Amino acid sequence: MNQTPNNLASFIWSLADLLRGDFKQSQYGRIILPFTLLRRLEGVLEPTKASVLERYESIKDQNLPEEALETILINSTPGLTFYNISQMDLSKLGESGIKDNLESYIQGFSRDAREIFEHFKFSEFIGLLSDGNLLYKIVQKVRQADLSPQAISNHDMGLVFEELIRRFAESSNETAGEHFTPRDIVRLTTSLVFMEDDQALTQPGAIRTIYDPTAGTGGFLSSGMEYVHKMNPQAVMKAFGQELNPESYAICKADMMIKGQDVSNIKLGNTLSDDQLGNQSFDYMLSNPPFGVDWKKIEGSIKDENTQKGFNGRFGPGLPRVSDGSLLFLLHLISKLRDSSEGGARIGIILNGSPLFTGGAGSGESEIRRYILEADLLETIVALPNDMFYNTGIATYVWVLTNKKINERKGKVQLINGVNLFGKMRKSLGAKRNIMSSEDIRTITRCFGNFELVDARLLDKPAEQKSNRGRQSENAKTETPKTFGSKIFDYYEFGYRRLTIERPLRESYQFSDERIATLRYAPKPLGDPMEWIYENYGESWSDEKDSPQYGDLSGHQDEIRAYIKKHFSTLKEKQIKDLLKQDTWTSQKEILLKARQLQEVLGTDQYDDMNDYEAVLKKTGIKLDGIEKKQITAAVSWKNPEAQKVIKKIHKTKANPLYGLFEVDGRTVEYKSDGDLRDNENVSLDPTRSVNEVNEAYFKKEVLPHVPEAWIDGSKKDDKDGEIGIVGYEIPFNRHFYVYTPPRDLAEIDAELDQVSAEIMELLREVHS
């Protein structure tokens with residue numbers, strides 16, 4: 001057999017022919033991958049196996065702890081980080097006792113290697129293979145592949161294992177996206193992250209670190225090492241990662257072991273709540289975190305780190321909403337950037353559209369974007385085609401960040417629109433229907449590398465194939481041209497200040513019978529159930545001041561409680577008890593009676609100036625406590641755009657109408673604001689002018705001409721800079737690349753409708769004839 005990586009991978013994957021019928025297709029990889037690993041480890045250990053066994057025999061009776069035993073035995077395997085103390089190998093397992101012998105052989109490995117087989121649940125599959133009389137056949141076929149380092153290098157063996165991982169992922173479409181990022185996306189992201197450092201990576205003796213906090217099966221780690229190996233075979237790339245899924249973790253760890261990496265740097269666990277590589281920084285970081293996954297289960301630990309450590313922890317800039325933790329992974333990566341004084345670092349992360357714009361000014365998402373942009377960490381965002389991933393067809397983006405921007409890029413952000421750079425796959429894999437070719441990837445990387453401005457360049461891409469089912473329109477809709485574009489922005493162009501715009505409250509009042517009648521019932525949430533109770537049980541109640549029966553529900557409490565439980569289920573037990581108390585009813589009646597007294601004095605006329613309301617009440621001589629006054633006022637007043645503005649306060653300072661201080665009859669007046677008319681305006685940041693100058697110019701141009709009585713709420717200030725208006729950041733990617741498509745001519749549409757109508761009428765005549 002020609003031992004090229006592809007041929008070798010095909011030969012190993014042919015084990016599936018033996019498994020077909022006894023195992024599901026999605027289970028093939030769970031058997032093939034650990035057997036491949038086992039054969040490789042066996043080949044790697046063969047030169048040192050005898051010395052390890054000899055050394056083990058000399059110390060096994062000392063009952064040493066496993067840690068001490070490992071230290072001693074690893075010294076007998078120079079250059080390796082694992083060993084095996086079993087007398088067995090795949091050629092000595094026999095046939096009759098093969099199951100027990102194989103399990104014993106696996107148990108002879110050192111802890112890290114053994115753990116990989118445990119996470120594969122290899123023992124379980126050994127049992128299933130044995131039950132199906134397939135175990136001996138599998139072992140014999142695996143033995144035919146020479147996977148020793150003399151036959152295939154670490155680099156080529158890594159390629160073999162990657163190909164097997166890819167086939168495994170693609171054979172299980174329903175779960176592929178959980179642990180495997182498509183190779184085209186991996187290549188693009190890796191190129192964007194590494195290409196700016198090509199010169200440094202080609203230097204003799206280059207040593208770099210690469211990290212993936214959502215390592216999956218290790219695709220990004222492998223791609224990074226492959227990129228560097230092609231440029232400089234002598235360079236050393238040390239891989240680090242953490243993965244939550246045990247099976248993906250096992251595959252990743254196996255891949256790293258095959259490639260000669262220190263697998264103790266690959267960790268199992270939740271990266272966000274249990275960072276097992278804390279206080280470490282890296283040169284390159286690549287990640288494809290899960291899209292839109294909530295972090296409710298780990299909310300406590302994340303919030304504790306945010307409040308207790310602030311910027312000394314990972315989540316100082318802010319926290320996104322609990323329903324989507326994507327930005328938490330981005331903050332985690334930023335916290336691990338190697339300091340710029342030590343050469344800096346670069347990040348490539350794949351995110352959906354939500355982190356671009358979700359959350360308004362002051363929200364956790366906006367504050368995270370603010371931190372990233374104001375710290376000048378964001379280099380570029382690339383919009384990917386849809387239908388690129390195995391388990392989702394939504395819009396996705398590659399973010400590239402660094403703390404070592406070249407001078408040309410400082411303060412700038414490049415947006416690259418690559419949504420049309422794809423070709424159709426011959427056969428879909430789950431939700432993945434599109435694929436990026438090498439030329440598509442080069443188009444993006446060249447544009448990024450050249451820091452190029454591209455104004456909607458037309459692409460030579462085939463038109464979308466339309467369905468030929470059903471009636472075809474004679475005037476088919478014109479397809480939007482497939483273009484590629486790139487735009488460059490100053491970072492602050494994504495920022496804005498959210499100004500709160502207020503308008504004066506205008507109210508009228510009237511002591512009418514209808515308005516006063518509502519005071520018989522307490523405010524929400526007791527009002528509606530009280531009204532029902534009164535209509536059904538209050539017929540005999542008298543409004544006389546000292547009526548003893550008013551509010552007495554002692555004979556009806558069970559039926560009232562049952563009705564309330566059914567029809568007013570949101571009421572709490574305490575509120576139900578209040579409803580059934582006679583004091584609740586009599587207290588409310590007292591308020592009603594006082595309102596009637598006021599009505600006798602003031603009449604039932606409507607008044608459109610609430611500014612004299614207090615004085616009017618005082619002149620009546622009727623005393624009201626705070627609760628009575630509040631309820632009566634709420635009952636008899638209402639908002640009326642034709643009424644007078646309600647004054648909140650008289651100031652002794654100069655008038656400043658832009659900020660709500662108006663000159664009225666020689667006085668400086670502040671009006672109450674109407675919450676229902678409150679609005680927000682987003683004002684673009686402009687560092688060339690003062691904040692107030694920018695805000696006021698916008699307000700005068702965009703607000704005052706339409707609402708002359710409005711003002712800016714000067715109390716709403718940004719927490720960080722103390723200026724008026726809350727700062728927010730969003731990256732409206734699609735808006736910047738929107739291509740206007742003019743609608744069809746109305747006459748053309750009308751003609752087509754007439755034609756369709758005529759065809760329908762003709763069909764109806766045929767039916768009736």
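Two strands pair if DSSP finds at least two bridges between them. Strands here are DSSP runs of E, at least two residues, and helices are runs of H or I, at least four, all numbered from the N terminus.

β14 (residues 507-510) and β16 run antiparallel, joined by 3 bridges. Glu507 has Lys639 of β16 as its bridge partner. The open sheet has 3 strands, ordered β15-β14-β16, with antiparallel pairing. β15 (606-607) and β16 (637-639) are the edges, each with a single partner strand, so one side of each has no neighbour in the sheet.

A word on the source. This is a predicted model: local features need pLDDT of at least 70, side-chain atom pairs count only at pLDDT 80 or more, and totals for chains, interfaces and linings use all residues. Residues are numbered from 1 along each chain as its sequence is written, and side-chain values use heavy atoms, with hydrogens and water left out.

Now the 10-strand sheet. The sheet is open, pairing is mixed, and the order is β3-β2-β1-β4-β5-β7-β6-β8-β12-β11. Which strands stand at the edges? β3 (266-268) and β11 (454-458); each has a single partner strand, so one side of each is left without a neighbour in the sheet. From one strand to the next, the twist averages 15°. Angles run from 0 to 180 degrees between N-to-C directions, and axes are lines fitted to C-alpha atoms, for helices over the stretch in contact.

Inside that order, β6 (residues 378-383) and β8 (residues 412-417) run parallel, with 4 bridges. Ala383 is partnered by Asn417 in β8.

Next, helices on the sheet. Contact means heavy atoms within 4.5 Å. α16 packs on the sheet and touches β1 (207-212), β4 (284-287), β5 (346-352) and β7 (396-402). Its direction makes about 180° with that of β5. α19 (residues 438-449) lies across β5, β6, β7, β8, β11 and β12 (483-490). To β8, α19 runs at about 160°.

There is a hairpin too. β9 (residues 423-429) and β10 (residues 432-435) pair in the antiparallel sense over 3 bridges. Leu429 stands opposite Lys432. The hairpin has 2 residues between the strands, and Gly430 in the turn has a positive phi of about 65°.

On to a helix pair. α3 (residues 28-59) packs with α9 (residues 154-170) at about 170°, axes 10 Å apart. The two are therefore roughly antiparallel, the word for angles over 145 degrees. From α3 the contact takes Gly29, Arg30, Leu33, Thr36, Leu37 and Arg40; from α9, Asn154, Met157, Phe161, Leu164, Ile165 and Phe168. By class that is 7 nonpolar, 3 polar and 2 charged. Nonpolar covers Ala, Val, Leu, Ile, Met, Phe, Trp, Tyr, Cys and Pro; charged covers Asp, Glu, Lys and Arg; the others, Gly among them, are polar.

Two backbone details. Most residues other than glycine have a negative phi, and most peptide bonds are trans. Asn63 has a positive phi, near 50°. Asn63 sits in the loop between α3 and α4 (66-74). Lys524 and Pro525 are joined by a cis peptide bond, with omega about 5°. Pro525 is in the loop between α20 (513-517) and α21 (527-537).

Notes
Parallel < 35°, antiparallel > 145°, perpendicular 65-115°, else oblique.
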